[in-house]
Amino acid sequence: MLKMLPSNGALKEWAIIELQGDLKVRSNEDVHNQYIGDLHYNKYGQPILIIGHHILQGREQKLDKPFAVLEKSITNDGQHLLTQSQDINVSALNDTVERTLLDNTVALENKSKQRTEYTVRAVCTKKLIFKSRPKPIIANVAKSV
């Protein structure tokens, strides 16, 4: 099943960042969810990426076909019924009712199906291309001697 969010029709618009070469990190940590750099636009609308002490100048390109950013979630259809049946105080029931409750729970577990849902979180309509080599940012240049 595919769901579109939010319901007001305004999906988030993301961009793909394309870099030439490798992005190396000093520590051995995973780059996932880490701060990489700052993305700015100059007065002409060109993207500028600042990573550490380096600056990259790029260009914006519209994608021929947009990409959808999906989030996958797996749910059990019968899970809600199973949690309701487990709330009953089994110690207060007699032996026959306990077996019936157990049989019904096992039957519900066998009937529950896993359902996979995909939710559209955003749409990528453009990509930012940084093809040139990074240039070092040099501040406070010494005056000629």
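How exposed is Arg 121, in terms of relative accessibility? At 36%, Arg 121 is partly exposed, a label that sits between buried (under 20% relative accessible area) and exposed (over 50%), judged with a 1.4 Å probe and protein chains only. We'll come back to that residue below.

First, some ground rules. What you see is a predicted model, in which local features need pLDDT of at least 70 and side-chain atom pairs count only at pLDDT 80 or more, while totals for chains, interfaces and linings use all residues. Residues are numbered from 1 along each chain as its sequence is written, and side-chain values use heavy atoms, with hydrogens and water left out.

Now for the overall layout. The chain contains eight strands and two helices; these are DSSP runs numbered from the N terminus, with at least four residues (H or I) for a helix and at least two (E) for a strand. Starting at the N terminus, the order is β-β-β-β-β-β-α-α-β-β. The chain has 145 residues, and 14% of them count as buried.

Let's turn to the charged side chains. Side chains of opposite charge can pair when their charged atoms come close. The rule used here asks for a side-chain nitrogen of Lys or Arg within 4 Å of a carboxyl oxygen of Asp or Glu, and it gives three salt bridges.

Take Glu 71 and Arg 121, whose side chains meet with N and O 2.4 Å apart.

Another bridge joins Glu 60 and Lys 126, at 3.8 Å from N to O. Here again distant parts of the chain are linked: Glu 60 lies in strand E6 (residues 59–76) and Lys 126 in strand E7, 66 residues apart. Glu 60 has a relative accessible area of 39% and is partly exposed; Lys 126, at 23%, is also partly exposed.

Then there is Glu 18 with Lys 127, where the closest N and O atoms are 3.1 Å apart. Glu 18 sits in strand E2 and Lys 127 in strand E7 (residues 114–130), so this pair links parts of the chain 109 residues apart. Glu 18 is partly exposed, at 26%.

Leu 19 is partly exposed at 31%, and together with Ile 17, Leu 23, Val 25, Val 31, Ile 36, Leu 39 and Tyr 41 it makes a nonpolar patch of about 610 Å². Patch members have over 30% relative accessible area and no salt bridge, and nonpolar side chains (Val, Leu, Ile, Met, Phe, Trp, Tyr) are joined within 5 Å, like charges within 9 Å. Strands E2 (12–19) and E3 (38–41) each supply at least two of the patch residues.

Finally, look inside. One cavity of 30 Å³ or more turns up in the whole structure, meaning a set of points on a 1 Å grid where a 1.4 Å probe fits but cannot get out, with lining residues having an atom within 4 Å of a point. The largest cavity has a volume of about 30 Å³, and its lining is Ile 55, Leu 56, Gln 57, Ser 132, Arg 133 and Lys 135. Strand E5 (residues 54–57) contributes the most to this lining, with three residues.

Definitions and conventions:
Areas by Shrake-Rupley, 256 points an atom, 1.4 Å probe, with all protein chains shown as cover. 1 Å grid on protein atoms, 1.4 Å probe; cavity = no way out; pocket = protein on both sides within 12 Å on 5 of 7 lines; lining within 4 Å. Points joined across faces, edges and corners; volume = space filled by probe spheres on them.
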